[in-house]
Amino acid sequence: MRDPPGLDRRFQLAVAALLDIALHGGNAPVQSKDTAARLGLPRRHLEQLMQQLVRAGLLKGVRGPRGGYRLARERRRISLADLLLALRREREADERPQPAAPLVEDVLAPVWAELESVLVERLALVSLESLCERAIAAGRAPRTPDVDFVI
């Protein structure tokens, strides 16, 4: 698989996990072990990411033996920009700011900020719903239609 430019592996996994939950989350929550199996990931690694998405307000965790995860809002109301910004906030909360060299601060940082702004703007146009539609068109969705959003 070719990696999207500028989007790290954690972001890609988070998109895949949200998409899996959107496609398989009907009336019952989706268990992380099932998502991990479908994505070919260790459950422990995925569970940490899912908890970040709960803290970010993109997923809701359901406790109990039949617990798991469901989307916190409708698929059409979750964009890839929402996800990117949520993961970034979480990462920045854990990092200590490092002093930058003047060349980086004065020349490169403004370029990165401009490119990031364009990226976020473009990602805001891609909803989880549109990814579900692509998955259906590619024959990668479950055969039974799932509920979009459960309150």
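User: Hi! How many helices and strands are in the chain?
Analyst: Hello! The chain has six helices and two strands, where helices (H or I, at least four residues) and strands (E, at least two) are DSSP runs numbered from the N terminus. This is a predicted model, in which local features need pLDDT of at least 70, side-chain atom pairs count only at pLDDT 80 or more, and totals for chains, interfaces and linings use all residues. Residues are numbered from 1 along each chain as its sequence is written, and side-chain values use heavy atoms, with hydrogens and water left out.

User: Thanks. In what order do the elements run?
Analyst: Starting at the N terminus, the order is α-α-α-β-β-α-α-α.

User: And what share of the chain is buried?
Analyst: 34% of the 151 residues count as buried. Buried means under 20% relative accessible area, exposed over 50%, and partly exposed in between (1.4 Å probe, protein chains only).

User: OK, salt bridges next. How many are there in the whole structure?
Analyst: A search of the whole structure turns up six. The criterion is a side-chain nitrogen of Lys or Arg within 4 Å of a carboxyl oxygen of Asp or Glu.

User: Which residue does Arg 38 pair with?
Analyst: Arg 38 forms a salt bridge with Asp 20, and their closest N and O atoms are 2.6 Å apart. This pair links distant parts of the chain, with Arg 38 in helix H2 (residues 32-39) and Asp 20 in helix H1 (residues 9-24), 18 residues apart.

User: Is Asp 20 buried or exposed?
Analyst: Asp 20 is buried, at 5% relative accessible area, while Arg 38 is partly exposed at 40%.

User: What about Arg 55, which residue is its partner?
Analyst: That would be Glu 90, with 2.5 Å between the closest N and O atoms of the salt bridge. Here too distant parts of the chain are linked: Arg 55 sits in helix H3 (residues 43-55) and Glu 90 in helix H4 (residues 80-94), 35 residues apart. Arg 55 counts as exposed at 53% relative accessibility, whereas Glu 90 is buried at 18%.

User: Which residue meets Glu 129?
Analyst: Arg 75 does, in a salt bridge of 3.0 Å, N to O. The two are 54 residues apart, Glu 129 being in helix H6 (residues 128-137) and Arg 75 in the loop between strand E2 (68-71) and H4. Arg 75 is buried, with a relative accessible area of 11%.

User: Switching topic: where is Thr 35, and what does it touch?
Analyst: Thr 35 lies in helix H2 and is buried, with a relative accessible area of 0%. Leaving out residues up to four places away in sequence, Thr 35 touches Ala 17, Asp 20, Ile 21, Val 30, Leu 46 and Met 50. A contact here means heavy atoms within 4.5 Å.

User: Last one: which elements supply at least two residues each to the lining of the second largest cavity?
Analyst: H1, H4 and H6 do. Lining that cavity are Val 15, Leu 18, Ile 78, Ser 79, Leu 80, Leu 83, Leu 128 and Leu 131. A cavity is a set of points on a 1 Å grid over the protein atoms alone where a 1.4 Å probe fits but cannot get out, and lining residues have an atom within 4 Å of a point.

Terms used. 1 Å grid on protein atoms, 1.4 Å probe; cavity = no way out; pocket = protein on both sides within 12 Å on 5 of 7 lines; lining within 4 Å.
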